[in-house]
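Student: Could you take me through one part of this model closely, with the cut-offs behind each term?

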Amino acid sequence: MRALRHPCARADARPFPILRRDEHMETWSFYSAGIRIARFWPAAGTLEWACLDDGTGVLGARGAMNEENAEWFARRYQFSPAAFFEGLSAWNEAFADGGSPVSCGGSRYDRRPDGFYAQREARFPKDILFADGAVRAQICSNGNGTTVLVQDGWEARTPAGAWLAYAPAEPACPVRALGTFMVPARDGVRLATDVYVPGNAQGPVPVMLVRTPYDKTAAPWNYFNFVRRGYALVVQDVRGRSASEGDFLPCYHEVEDGDDTLNWIAGQEWSNGRVGMIGGSYLGYVQWCAAASGNPHLQALVSMVTAGSAFADIPRRGGCFESGMMAWAFAVSNHQMDAARMVRDDWDDVLQIRPLESMAREAIGEDIHFLNTWFEHPDNDELWQMSDWQARSKGARIPALIFSGWFDDDGMGTTQALELVHDWPAAQRKAVLGPWIHSFNSRYDIHGVPMGLRAIRYDVDLLYFQWVDHFLRDVENGVEKGAPVEYFTIGEDKWKTAENWPVAAARPQTLYLDGEAGAAVENHGLLALSVPGADAADTYRYDPDDPAVNIIDMSENEIEVPEDYAAEELRPDVLCYTTPPLAADAVITGDCSVELFISSDAEDTDFIVRVTEATPDGKSIKLADGVLCAKYREGFEAPRYLQPGAVYPIHIRTTKFSKRFEKGSRLRVTVTSSAKNFLFPNSNTRAGFNSAETVVAHNTIHHGPTHPSAITLNVEKALEF
C-alpha cells in the first residue's frame, strides 16, 4: 500500500521570514474537522511548522516553512500561514479597542453575536477571534467544513473545541492509498475508482463514496478526514470523465452506475458493506440517483446543493433552456475539467450564436457532444426521464442530511429532495437551509446584499460527521434527535427550527394582481389582498432580439444571486405588481405559487416571474424566481401550442426563501418573457429557444374576477397594508 506524504523541503528552499515580532506569537495549531493538521512556531526571523503526515497519522518533524510546502499547504487548505503571521501584529493593533466594525488589511470586520469578527464582502471569509487583548484564532468555513488556526490553549473558544469534545482524533488514522481500480458497470464500461483506507484498520470498515465529473485526483484530500477518522474512502470518476471509460452524457447513467459501484464496494475485503455518500451539486445529484436504485448498501446521504431533474432544475427548468449553465458545459467539454473555459469576456456574443449546435464549435473550437444530444430532445422524453431520480425512486428511505440555500442555482433540486423525504420518519431526514448561493456557507454578503452576521455556520462538517457516524457506525450521538429542519430568516439574522418542510409556522396568503390600481409608472400595478372588482389585462411586447436581463456574471457560474432589479423593471416588457408599503413587519418562508392567466399572439413564448423586496430607498432585490415555457403548461412530455386570442391558466413554482420584510418596505412580483444570461430567449416560434428566426410576441396577463391571476406566499407573519 502506498503512503501519502507532504513534500519534503528542498535544501535550497528559502524559509519564510516573519518581519514583525508580536508578543502573542507563541505556538498555534491548525485544525480541520477537529484533527490537528499542523502546528506553527512563528518565532522571530522564520516561520517553523510541523505537518500531519498522511502516511503515519502523526505530526512530522519541526522545520522551517518554505515556498514549496507553503504552496502545497495553501492548495490543500486555502490558507496561508505566512500571510497570517505576518499580519498578526497589524490585526492586534486594529482590534485593540474591541470595537466593531474594524478595518484592517483592506477588509472590514463586524462582530458576530457569538463574539467572532466576521470578514465582510469576502468569499470564504476568514473570521477572527479577538480575546484578552489579542487575536487568538482565525476561522474559515466552506462547503467542505471549517478550518481553525488557533493559539494553543484557546481551542475551547473556537469550533475546534466542539470537535475535540465530540471525538478527539489524535493520533489520526494513517491514510493509505490502495490504488486505482476499474469498476465494471453492467454494460461493460469501466469506471476509474481510487480507494483510500485507514492504515491501522483491523478488519473491514464503513465506506464513504464520492462520485465526481471533476477528476477524482483533483482534490481527494478534501475527504481525507473520513479516512483519518476510520472510514474507507472511494473516489470515482463518473462515466466518460477523466480516467473512466465511456461517453459523458450528464446524469443519464448515474442510477445504474451508482448501483453497480455500491455493489462492487460491498464485495471488497476492506468494506463492511455499509456505505455513505457525500458531495455537492453533481456530487449531490449522484447520491440521489444511487438512492433511487434501492441499493441496500447505501445507508447515509450528505446531500449538498444537489442538482435535480432536468425540467425542474438544470438544464431545462420549466421547459426553457438555461443559458446560464453554458459556463459549466464549456468547463466539462473534454474528458478533463477545465475551469478556465468558464471565464470569458465575450459571453454576450457567445450566447447569441444560432443554431445552438454550433455554439461550442464557434466559441471553443470543438463540439460538445452531450449538448448536441440535449438539443435533439426538446421534450421530456426517455433521455431526460432516465435522469429523473425523484420519479425513478423505488421508495428506499436512505437517511439524508440535506444542505442548500435560498440563492442556490440548484435550489429546485433540493426542493425535489425535500418532497421525496417529506413523509419519512423525522429521525431519517434533516435539512439545513441557509442564506447561501451554490458555493454554500461561504459569504456574509452576496453581490453587496447583506445576509446577516449568523449567515455562516461553523458546525457543518461536525454535523455531517455525526450523521454518518450514527447511521454507518451506530454511534449514539443524538444527531437524529435534533430538529429535522433548520432554516435561516434573512432580515432577522436568525436560525429557526421546524419539524418538516414546508414549515408548519408558515400559512398561505394570496395576493392578487391588479394592473389598474396604484400604478406609479406605466407598467406598474398593484398586489391586492382581494380579487379586483373588474376584469382587466396588461399587455407587453416581447422581442427575443432585445431580451430583458437576468443580472449575473456568467464567468462566476452563479445564476440565482440576489441583485437590484429596479432599473431593469423600468423596461416596458417587464410588468410589476407591488403591494402598498407594509404597515408592520412580515415574514415569508417557503416557495411561492404563481397562477397566471395568459394569452399571446405567438404560438409559444416564455414567462418569467420574480419575487423581490422593494425597499424604501428605491431598490428591488430579487428573492426568488420561476419560469415556464408556455407550450409545456400541461406537461413537459409534449408541446401544446398557443392559439391567438385564447386565455390559458399557467402555474409557476418559484425557488424558496425566508425573509423578514420591514415595515415600510413592499413586496413586488414581476412578469416578463426573457431573462438574458439565465435562459436562451424563446424565439416565439415552434422552434422555441433554438432558432435564428424570431418573431415579436404581444403577451398579456389577465386579472380580475374572471381570470384571478395571483401569487400565493407562505407567511410566518402575514403581510398587512
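Tutor: R239 is buried, at a relative accessible area of 6%, where buried means under 20%, exposed over 50% and partly exposed in between, with a 1.4 Å probe and protein chains only. The model is a predicted one, in which local features need pLDDT of at least 70 and side-chain atom pairs count only at pLDDT 80 or more, while totals for chains, interfaces and linings use all residues. Residues are numbered from 1 along each chain as its sequence is written, and side-chain values use heavy atoms, with hydrogens and water left out.

R239 forms a salt bridge with D187, their closest N and O atoms lying 2.8 Å apart; the term requires a side-chain nitrogen of Lys or Arg within 4 Å of a carboxyl oxygen of Asp or Glu. This pair links distant parts of the chain, 52 residues apart, since R239 is in the loop between β15 (232–237) and α5 whereas D187 is in the loop between β12 and β13; helices (H or I, at least four residues) and strands (E, at least two) are DSSP runs numbered from the N terminus. D187 counts as partly exposed, because its relative accessibility is 48%.

The loop between β12 (175–184) and β13 (190–198) also holds R186, which forms a salt bridge with D259 at 2.9 Å between the closest N and O atoms. D259 belongs to helix α5 and is 73 residues from R186. In this pair R186 counts as exposed, because its relative accessibility is 53%, whereas D259, at 15%, counts as buried.
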